[in-house]
Amino acid sequence: MIGKLSKSLAAAALLSFASTGAMAQDSIKMGALATLEGAFTVLGEDSMRGVKLALEEFGYTAGGKKIELITGSSDASPDSAIRATRKLVEQDGVQILVGPLSGSEGLAVKDYAKTQPNVTFLNGSSAAQDTTLRAPAENFFRFSTEGAQWMAGLGEYVYNEKGYRKVAVLAEDYSFPYTQVFGFLEPFCRLGGEAPVDARFWVPIGNKDYSSVIAALPDDVDAIFVALGGADAVNFLTQYEQAGGELPLIGGSITVDQSVLGSKGRTRDFVIGTPSGSPISDTWDDPRWNKFVEAYKAQFPDGFPSPSLFAHAYYINTKAALLALNEVGGDLSDGGAKYRAALSTLEFDTPTGKVHLDERRQAVADIFLTEVIEGPDGNLVNKTIKVIPQVNQTLGVSYEKFLEYGQVGRENPPCS
């Protein structure tokens, strides 16, 4: 009797184990990492909306398997991003990770990815240049464009159309703003514009008091190029307006993004007319963009008046992850090798046009030259001035020639 009972219990345990294994095989763990703490919290919240939009579109299923979403939080610092990434990969066991959000976080996660060859990493909205340009990781993919690409056409526009010849710079002091400043200044300076190094002001993420910077801004410039995001942008714009600032602004992509313009109760008329460059344009009249905006508003009525570039980037990278899973039937049994091969050749329609990857797994996509206007409902939006088609990471020059520009930083280009 005891022997029969033991056999029965063993069979039940085996059946339970087999059932658990089958359940595990029928689902895929996907991580999503964004800044849900600190100065960029509102950016991270909209990023997660983008992830959920893509998952809803696929019914939380890809390659015949259920997608189990596990989220992680950082504060825009590389250390916090790595801590969250380690937990998602090493404790939660995610096989695919979408993120991070901020520039220097992306550089750190790229390096960590090299230690986890069987996990596939897709960028969130992190847009520092060297995440993919130099020493890329074979298992890190960026289907969203980066900060220098976002500036395509802006330097030429403000020089030729606005007539600006000398600008000051105000930006956060880390890799993404360096990338944006480079992307804007390289053509502006090449045409004859000036942005002296001593007219460039660098502040830490989370800076709250801009009074000393505002007082130090030079009078002999035509405009200020501002590359601040989230609460940093809101704080500066508020304080600059209160101080009676009169210099025209040129916007970094995230400075005039909906994560700033759409902040409730913080609409400022003086930013109307600010030109910028971006991977999105609020007023682009295209069925793909309109469908994306409608889905965003329907699913997130408490979100921004229009999706931010962060929602857009996370949506695109999550959708790429799901499309490639469909291509390989959800099979990650070889450590994801077939899956990453599918990602490498993936080309698809996004809300802002076609995207494909270069040999370093970096997106090539359309970029929008924009200008802030007041929309019909009173919200501030970015109007499309021009679409620059299929901008690559080296901005139209060869990879070898582009590397000669050197790494982005506070003083590159010198432009004096």
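Biologist: Is Leu 309 buried or exposed?

Modeller: Let's start with where to look in this predicted model: Leu 309 lies in helix α12, which covers residues 309-327. Its relative accessible area is 0%. Buried means under 20%, so with 0% Leu 309 counts as buried.

Biologist: Thanks! Which residues is Leu 309 in contact with, leaving aside its neighbours within four places in sequence?

Modeller: Contact here means heavy atoms within 4.5 Å. With those neighbours set aside, the residues in contact with Leu 309 are Trp 150, Ser 253, Ile 254, Asp 257, Ser 278, Pro 279 and Ile 280.

Biologist: What separates the C-alpha atoms of Leu 309 and Asp 46?

Modeller: Along the chain, these two residues are 263 residues apart.

Biologist: Which strands does β9 pair with, and in what sense?

Modeller: Strand β7 (residues 167-172) joins β9 over five bridges, in the parallel sense, and Val 169 stands opposite Phe 225 there. Strand β10 (residues 249-251) pairs with β9 over three bridges, also parallel, with Ile 224 opposite Leu 249. From β9 the chain crosses through helix α9 to β10 in a right-handed β-α-β crossover. The partners are β7 and β10, both parallel.

Notes. Residues are numbered from 1 along each chain as its sequence is written. This is a predicted model: local features need pLDDT of at least 70, side-chain atom pairs count only at pLDDT 80 or more; totals for chains, interfaces and linings use all residues. Side-chain values use heavy atoms; hydrogens and water are left out. Two strands pair if DSSP finds at least two bridges between them. Helices (H or I, at least four residues) and strands (E, at least two) are DSSP runs, numbered from the N terminus. A crossover is right-handed if, with the strands pointing away from the viewer, the path from the first strand over the helix to the second runs clockwise. Buried means under 20% relative accessible area, exposed over 50%, partly exposed in between (1.4 Å probe, protein chains only).
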